[in-house]
Amino acid sequence: MSYLETTAEFYTEAATKPQVGLCCISTPPLQYPDLKIPEIMQQMNYGCGTTIHPTELRNNPTVLYIGVGGGLEALQFAYFCRRQRSIIAVDPVAAMREAADQNLKLAAKENAWFDRNFVEILEGDAFNLPVADASVDVVAQNCLFNIFEPQDLTRALKEVYRVLKPKGRLIMSDPIATRPIPANLQADERLRAMCLSGAMTYADYIQHLIDVGFGQIEVRARRPYRLLDTHSFELETPLLLESLDTVSFKVPIPNDGACVFTGKTAIYSGIEEYLDDHAGHNLQRGNPLSVCDKTAAKLAHKFPQEVIVTDSNWHYNGGGCC
Ligand SMILES: C[S@@+](CC[C@H](N)C(=O)[O-])C[C@H]1O[C@@H](n2cnc3c(N)ncnc32)[C@H](O)[C@@H]1O
């Protein structure tokens with residue numbers, strides 16, 4: 001059996017018998033006014049962070065959701081995209097598609113605003129998405145791509161890039177590892193399926209996105225997720241996993257490299273009213289400007305006395321340079 005088959009088998013079990021906190025932390029799901037999340041959907045919350053960022057859902061987008069799970073995030077997306085088939089949810093595991101369908105039917109009973117037909121559930125997988133080229137505005141996945149081995153992650157990301165419209169966005173939430181996970185743990189297919197041993201480091205994860213052509217990547221959250229302890233995982237020192245929420249845009253990569261926003265700001269502290277770096281950035285004295293990591297490094301290098309660059313706070317929500 002390949003690790004992908006092990007994963008499918010694993011999620012067949014998780015579909016038929018909900019397992020609270022199975023692969024990820026069991027934080028309460030995001031709540032919105034008039035949104036009632038059925039209990040069973042909460043029990044089947046198999047994601048780590050969130051892919052729901054309302055500011056990315058303007059203009060009634062079509063959303064392709066990969067790996068539907070119990071349907072929780074499909075329902076949350078539908079809250080913002082209230083039209084027939086605005087959410088296309090794809091999953092290769094028949095039992096999971098069936099569970100999501102049942103859970104969404106239940107949600108329709110509990111939520112007057114929700115029509116079950118807002119979400120279409122299709123058979124398919126991350127490597128072969130059942131939609132046309134450049135046909136969706138948003139692709140989202142939560143806690144699936146971290147399971148993939150590096151070459152499969154590249155395949156999945158290329159497939160996402162194919163189906164996104166120009167300027168479309170990929171919203172992801174995945175565990176990342178604070179140092180490379182030892183090969184023996186990575187080779188454990190069940191741990192991998194549980195989102196515990198396939199995670200890459202932050203740098204590798206971001207580089208995979210850039211390598212397939214995403215020109216702008218924004219980090220929305222980064223926080224502790226699980227600790228692989230020395231006793232249970234036969235490690236010499238504990239290994240912290242974090243969860244990382246990102247939004248990546250299908251825009252061309254600038255000549256000087258992709259823009260990765262991690263919440264840094266640049267602040268001009270000189271004597272003029274503002275500083276023009278002659279590269280498209282105007283910094284008003286004393287007023288923090290959100291900058292991507294590339295611009296942050298350039299400004300710090302070019303104006304070491306006059307510009308203060310603040311650290312990544314791992315929460316960037318738009319409005320910056322580039
Ligand atoms: C960790 S669960 C996450 C479920 C959901 N995103 C959530 O946040 O609750 C992974 C999901 O991906 C599905 N899956 C497994 N292999 C897949 C593949 N190759 N392509 C797409 N989905 C897959 C599983 O059936 C399961 O629904």
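Mentor: Strand β2 (residues 87-91) runs parallel to β3, and the two pair over 5 bridges. Helices (H or I, at least four residues) and strands (E, at least two) are DSSP runs, numbered from the N terminus, and two strands pair if DSSP finds at least two bridges between them. Before we go on: this is a predicted model, so local features need pLDDT of at least 70 and side-chain atom pairs count only at pLDDT 80 or more, while totals for chains, interfaces and linings use all residues. Residues are numbered from 1 along each chain as its sequence is written.

Trainee: Which residue in β3 is the bridge partner of I88?
Mentor: In general, strands of a sheet pair through backbone hydrogen bonds, either parallel or antiparallel. Here, I88 has E120 of β3 as its bridge partner.

Trainee: What is the order of the strands in the open sheet?
Mentor: The 8 strands run β3-β2-β1-β4-β5-β7-β6-β8, with mixed pairing. At the edges sit β3 (119-123) and β8 (259-261), each pairing on one side only. From one strand to the next, the twist averages 20°. Helix α8 (residues 202-211) packs on this sheet, where it touches β5 (164-177), β6 (216-228), β7 (239-249) and β8. The direction of α8 makes about 20° with that of β7.

Trainee: And how do I read two helices, say α1 and α4? At what angle do their axes cross?
Mentor: Two packed helices are described by the angle between their axes and the distance between the axes. The axes of α1 (residues 3-16) and α4 (residues 94-110) come within 8 Å and cross at roughly 30°. Axes are lines fitted to C-alpha atoms, for helices over the stretch in contact, and angles run from 0 to 180 degrees between N-to-C directions. That is why α1 and α4 are roughly parallel to each other (the term covers angles under 35 degrees).

Trainee: Which residues make the contact?
Mentor: Y11, T12, A15 and T16 of α1 meet A95, M96 and A99 of α4. Contact takes C-beta atoms, placed from the backbone, within 7 Å.

Trainee: How many residues surround the ligand?
Mentor: There are 25, and the closest are Y11, G47, G67, G69 and D125. A residue counts as near if its C-beta atom, placed from the backbone, lies within 6 Å of the molecule. The largest share of the shell, 4 residues, comes from α1.

Conventions:
Angles under 35 degrees count as roughly parallel, over 145 as roughly antiparallel, 65 to 115 as roughly perpendicular and the rest as oblique. Two residues are in contact if their C-beta atoms, placed from the backbone, lie within 7 Å.
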